[in-house]
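Subject: Structure handover

Hello,

Here is the structure I promised to pass on. Please open it alongside this note. My findings follow below.

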Amino acid sequence: KMQQLQLPNKINNMNLIIDASSVEILINDGMYSMTNLFFPTEEYSNFNITKLKNTKITNLQINTLESVWNNK
């Protein structure tokens with residue numbers, strides 16, 4: 001059975017960290033967190049954000065990081 005992350009009524013901030021085979025979500029300065037592993041069969045380059053009804057996104061910032069691997 002898949003477990004779901006129980007979210008607070010108010011989300012003040014959320015960080016989403018994506019790398020080659022994992023996604024980590026940190027909500028309200030890490031008070032709520034979830035990590036998920038995935039194993040893509042091809043490279044991916046698209047990312048979609050969908051908000052729930054009656055939700056407001058007030059600030060969105062996307063940052064990229066340099067690879068820590070010398071061969072990437």
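Is Asp29 buried or exposed? Asp29 is exposed, because its relative accessible area is 71%, and the cut-off for exposed is over 50%. Keep in mind that this is a predicted model.

**The loop between β2 and β3**

Asp29 sits in the loop between β2 and β3. Asn28 is in that loop too. Strand β2 covers residues 22–27, and β3 covers 32–37. Asn28 counts as buried, because its relative accessibility is 14% and buried means under 20%.

The backbone is worth a look here. Most residues other than glycine have a negative phi. Asn28 has a positive phi, near 50°. Asp29 also has a positive phi, near 60°.

**The largest pocket**

Next, the open space. The largest pocket holds about 2,400 Å³. It is lined by 47 residues, and those closest to its centre are Asn15, Leu16, Ile17, Ile18 and Phe47. By type, the lining divides into 24 nonpolar, 15 polar and 8 charged residues.

Which strand gives the most to this lining? Strand β1 does, with 5 residues. Both β1 and β2 supply at least two residues each.

Take Ile18 as an example. Ile18 lies in strand β1, which runs over residues 14–18. Its relative accessibility is 39%, so Ile18 counts as partly exposed. A residue needs over 30% relative accessible area to join a patch, and Ile18 at 39% therefore passes that cut-off.

**Pro40**

One last residue. Pro40 lies in the segment after β3. Pro40 is partly exposed, because its relative accessibility is 38% and that class runs between 20% and 50%. How far apart are Pro40 and Pro8? They are 32 residues apart in sequence, and 30 Å apart in space from C-alpha to C-alpha.

Best wishes

Note on methods:
Residues are numbered from 1 along each chain as its sequence is written. This is a predicted model: local features need pLDDT of at least 70, side-chain atom pairs count only at pLDDT 80 or more; totals for chains, interfaces and linings use all residues. Side-chain values use heavy atoms; hydrogens and water are left out. Helices (H or I, at least four residues) and strands (E, at least two) are DSSP runs, numbered from the N terminus. Buried means under 20% relative accessible area, exposed over 50%, partly exposed in between (1.4 Å probe, protein chains only). On a 1 Å grid over the protein atoms alone, a cavity is a set of points where a 1.4 Å probe fits but cannot get out, and a pocket is an open set with protein on both sides within 12 Å along at least five of seven lines; lining residues have an atom within 4 Å of a point. Grid points are joined across faces, edges and corners, and a volume is the space filled by probe spheres set on the points. Ala, Val, Leu, Ile, Met, Phe, Trp, Tyr, Cys and Pro count as nonpolar, Asp, Glu, Lys and Arg as charged, and the others, Gly among them, as polar.
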